Amino acid sequence: MLNENFFNLLNDSDIVSYPNEPMKNHTTFHIGGNADCFCEVKTVDALKKILTLCRENNIPCFIIGLGSNLLVSDNGFKGIVIKLSGTFTEMSVEDNKIFCGAGASLASACVLARKNSLSGLEFAWGIPGSVGGAAYMNAGAYDGEMKDVISEVTFMDSFGNIKTYQKNELDFGYRHSVFTDTQNIILNVTFTLKPEQQVIINDRMQELMDKRKSKQPINHYSAGSVFKRPEGFYAAALIEECGLKGFSVGGAEVSTKHSGFIVNDHNATAEDVRQLVEYIKKVVLEKKGVELCCEIKFVE
């Protein structure tokens, strides 16, 4: 139970807590009610501490990255939301490897790679979210995926044990990894890249960013691409062929720029988005005979 006694137990210089925190401030959708408590955790020991307290007091908790691919209920979250900060955002370079804390932004990893003339992460330039989140779902774009560049992941299991998986143990697939649907928490990720001229890396990053700007609604609040790509199809094409481009429920709208995106156009609620997702799935199944699978994680 989140009472004064619990918050006293939570007191730690490496844990910054914010009671009754609006989750709309921590998601790329800019949607979500209040969490009972939002905590920024700076070290592995602090993470272990807060997870142990939650387990001992039967308090629900979940880990948040940078809030992409996440939709929090309008009613908020009854428990603790944990964000990895501090040491979890640190990065370093050794030879052709980049070592990244799970809380670091994927964009910052791309910039560090470019600065050190290391190629392989260019495809990820512009993908929102954290390094840990990208590894968790094997994020990808423009013919590149995390599986192509990640060589090692260190994580904490549900008992607080710290382990490391090598590349061949990560079970990467389309928007899937060995961590998908588990309670394991990614702590650090190692990228193994290739030396390349900085100007070539920069040109490739700029080329891909220009493509994103021309095709995606990057100036709107969204959670990125909403649906996984069905085998043999493109979700955006199916949605558009069903006449759903620009279709809206409340403040949530199928993007008029890219039908694979749902944007928060006019103060959308989580329920607006949820209803729109279900309607899209229903129409595409009825008209095209294809079942869409939503990539967005719903939290309530």
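# A tour of the predicted model

What you have open is a predicted model.

In general, strands of a sheet pair through backbone hydrogen bonds, either parallel or antiparallel.

Keep strand 11 (residues 150–156) and strand 13 on screen. They pair in the antiparallel sense over six bridges. Pick Phe155: its bridge partner in strand 13 is Ile186.

**The cores.** Now select Leu47, Ile50, Ile80, Leu121, Met146, Ile150 and Phe191. They are the residues with the most contacts inside the largest nonpolar core, which has 55 residues. Helix 2 (residues 44–56) gives the largest share of this core, six residues. In soluble globular proteins, nonpolar side chains tend to be buried together.

Which residues is Phe191 in contact with, leaving aside its neighbours within four places in sequence? Among them are Ile98, Leu106, Leu121, Val131, Met146 and Ile150. A second, separate core has 27 residues, including Ile31, Ala235, Val249 and Cys294.

**The aromatic pairs.** The structure holds six aromatic pairs. Select Phe62 and Phe77, an edge-to-face pair with 5.0 Å centre to centre and 90° between the planes. Phe62 is in strand 3 (residues 61–64) and Phe77 in strand 5 (residues 77–84), 15 residues apart, and the pair links these distant parts of the chain. Both Phe62 and Phe77 are buried.

Move to Tyr165 and Phe179, a tilted pair with 5.9 Å centre to centre and 35° between the planes. Tyr165 lies in strand 12 (residues 162–166) and Phe179 in the loop between strand 12 and strand 13 (185–192), so the pair ties together parts that are 14 residues apart in sequence. Is Tyr165 buried or partly exposed? Tyr165 is partly exposed, because its relative accessible area is 23%, whereas Phe179 is buried at 1%.

**Charges over rings.** Finish with two arginines. The charged end of Arg114 sits over the ring of Trp125, 5.6 Å from its centre. The charged end of Arg229 sits over the ring of Tyr174, 4.7 Å from its centre.

Conventions. Residues are numbered from 1 along each chain as its sequence is written. This is a predicted model: local features need pLDDT of at least 70, side-chain atom pairs count only at pLDDT 80 or more; totals for chains, interfaces and linings use all residues. Side-chain values use heavy atoms; hydrogens and water are left out. A nonpolar core is a set of buried Ala, Val, Leu, Ile, Met, Phe, Trp, Tyr and Cys residues joined through side-chain atoms within 4.5 Å. Buried means under 20% relative accessible area, exposed over 50%, partly exposed in between (1.4 Å probe, protein chains only). Helices (H or I, at least four residues) and strands (E, at least two) are DSSP runs, numbered from the N terminus. Contact means heavy atoms within 4.5 Å. Rings of Phe, Tyr and Trp (its six-membered ring) pair if their centres lie within 6.5 Å; planes under 30 degrees apart count as stacked, over 60 as edge-to-face and the rest as tilted. A charge sits over a ring if NZ of Lys or CZ of Arg is within 6 Å of the ring centre and within 35 degrees of the ring normal. Two strands pair if DSSP finds at least two bridges between them.
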